[in-house]
Amino acid sequence: MKTSASLPILHGSNISPYVRKVRVALAFKAIEYRSIQQSPFNASVEFKAKSPLSKIPCWEDGDLVLPDSSVIVGYLEHRYPSPSLFPDNPEERARALWFEEYADTKLGETVAAVFFQRVVRPNVLKQKTDSKHLEHLLNQALPEVCDYLTGCLGDHEYMTGGQFSIADIAITSPFVNFALAGEAIDKSRWPSLSSYIERIHAIPCYAPIVRDDLNGPFLKFRPKSLS
Ligand SMILES: N[C@@H](CCC(=O)N[C@@H](CS)C(=O)NCC(=O)O)C(=O)O
């Protein structure tokens with residue numbers, strides 16, 4: 001058994017949807033690791049040497065240093081194949097990768113961006129919320145995302161492959177930030193997507209992470225006037 005000092009390290013703030021994606025993958029595979037909370041803002045020279053894009057998360061296991069959540073999860077899947085987070089079937093596996101990519105880009109710039117505008121900018125960066133952009137996100141960009149995901153999900157339990165996969169983790173992770181921004185998917189307009197997110201967040205490897213993050217240091221910034 002590895003001692004705590006020799007365990008692999010996950011660098012990154014728990015509030016990041018990308019860090020959460022890796023934390024859920026690690027929990028699902030029951031991989032032990034050490035967590036070092038690291039903000040991407042004003043990062044040290046030492047951290048930038050590990051993560052040249054100055055982004056979180058970054059995985060460090062001895063000489064192996066991997067910035068980027070998708071690279072980390074891909075590595076973990078090969079290194080610790082069971083239980084698997086990717087469908088075996090080549091088509092479904094490719095679809096899972098697509099949803100991971102869609103979540104990391106599109107949900108990052110829409111769902112997580114609502115949290116960034118409403119919570120991170122005023123409270124962490126001491127900058128004004130861009131209200132016009134926030135309005136665009138909530139009224140135009142998000143409905144398109146929800147329509148797309150609803151169509152992809154259909155009446156299935158999981159997004160692809162008939163199993164819990166990286167697609168489900170990546171898609172639902174930013175919605176924890178969305179909740180901390182005082183928002184939730186409109187249940188009457190997108191009932192299946194809304195219950196999908198709740199269902200995935202309740203999966204045993206995921207639920208404690210959602211609970212901790214919802215009750216973590218960002219809870220105090222959650223807008224009170226919203227549901
Ligand atoms: N493609 C990267 C994206 C990571 C990312 O954008 N992380 C955000 C935090 S949620 C970050 O580090 N932002 C700092 C910046 O963009 O300068 C991944 O999947 O790890």
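**Figure 1. Asn42 in the predicted model, a residue in the loop between strand 2 (34–36) and helix 2.** Asn42 counts as exposed because 7 C-beta neighbours lie inside 10 Å, and a residue with 12 or fewer is classed that way. Asn42 is not a glycine, yet its phi is positive, at about 55°. Most residues other than glycine have a negative phi.

**Figure 2. Lys126 in the loop between helix 5 and helix 6.** The phi of Lys126 is near 55°, which is a positive value in a residue other than glycine. Around Lys126 there are 7 other C-beta atoms within 10 Å, so Lys126 is exposed.

**Figure 3. The contact of helix 5 (residues 111–123) with helix 6 (residues 131–153).** The two axes come within 10 Å and cross at roughly 165°. Angles over 145 degrees count as roughly antiparallel, and helix 5 and helix 6 are therefore roughly antiparallel to each other. The crossing of helix 5 past helix 6 is left-handed. From helix 5, the residues that take part are Val111, Ala113, Val114, Gln117 and Arg118. They meet His133, Leu134, Leu137, Leu138, Leu142 and Val145 of helix 6. Sorted by class, this contact holds eight nonpolar, two polar and one charged residues.

**Figure 4. The packing of helix 1 against helix 3 (residues 69–79).** The axes of helix 1 and helix 3 are 9 Å apart, and the angle between them is about 10°. Angles under 35 degrees count as roughly parallel, and helix 1 and helix 3 are therefore roughly parallel to each other. On the side of helix 1, Tyr18, Lys21, Val22 and Ala25 take part. Their partners in helix 3 are Ser69, Ile72, Val73 and Leu76. The residues of this contact comprise six nonpolar, one polar and one charged.

**Figure 5. Asn14 in the loop between strand 1 (9–11) and helix 1 (17–28).** Asn14 has 19 other C-beta atoms within 10 Å and is therefore partly exposed. A residue needs 20 or more to be classed as buried. With its neighbours within four places in sequence left aside, Asn14 is in contact with Val19, Arg20, Gln37, Asp213 and Gly216. Ser44 is 30 residues from Asn14 along the chain, and the C-alpha atoms of these two residues are separated by 18 Å.

**Figure 6. Two cis peptide bonds, one ending at Pro57 and one ending at Pro83.** Most peptide bonds are trans. The bond from Ile56 to Pro57 is cis, with omega near 10°. Pro57 sits in the loop between helix 2 (45–50) and strand 3 (58–61). The bond that joins Ser82 and Pro83 is also cis, and its omega is about -5°. Pro83 belongs to the loop between helix 3 and helix 4 (90–109).

**Figure 7. The whole protein chain, with 10 helices and four strands.** Along the sequence, these elements follow the pattern β-α-β-α-β-β-α-α-α-α-α-α-α-α. The radius of gyration is 17 Å, close to the 17 Å given by the globule rule for 227 residues, so the chain is as compact as a globular protein of that length. The C-alpha trace spans about 50 × 45 × 25 Å along its principal axes. Of the 227 residues, 38% count as buried. Among contacts between residues at least 6 apart in sequence, 71% join residues at least 24 apart.

Terms used
Residues numbered from 1 in each chain as written. Predicted model: local features only at pLDDT ≥ 70, side-chain atom pairs only at ≥ 80, totals over all residues. Axes fitted to C-alpha atoms, helices over the stretch in contact; angles between N-to-C directions. Helix = DSSP H or I, 4+ residues; strand = E, 2+ residues; numbered from the N terminus. Parallel < 35°, antiparallel > 145°, perpendicular 65-115°, else oblique. Left-handed = near helix turned anticlockwise from the far one by under 90°. Contact = placed C-beta atoms within 7 Å. Nonpolar A, V, L, I, M, F, W, Y, C, P; charged D, E, K, R; others polar. Rg over C-alpha atoms; globule rule 2.2 N^0.38 Å.
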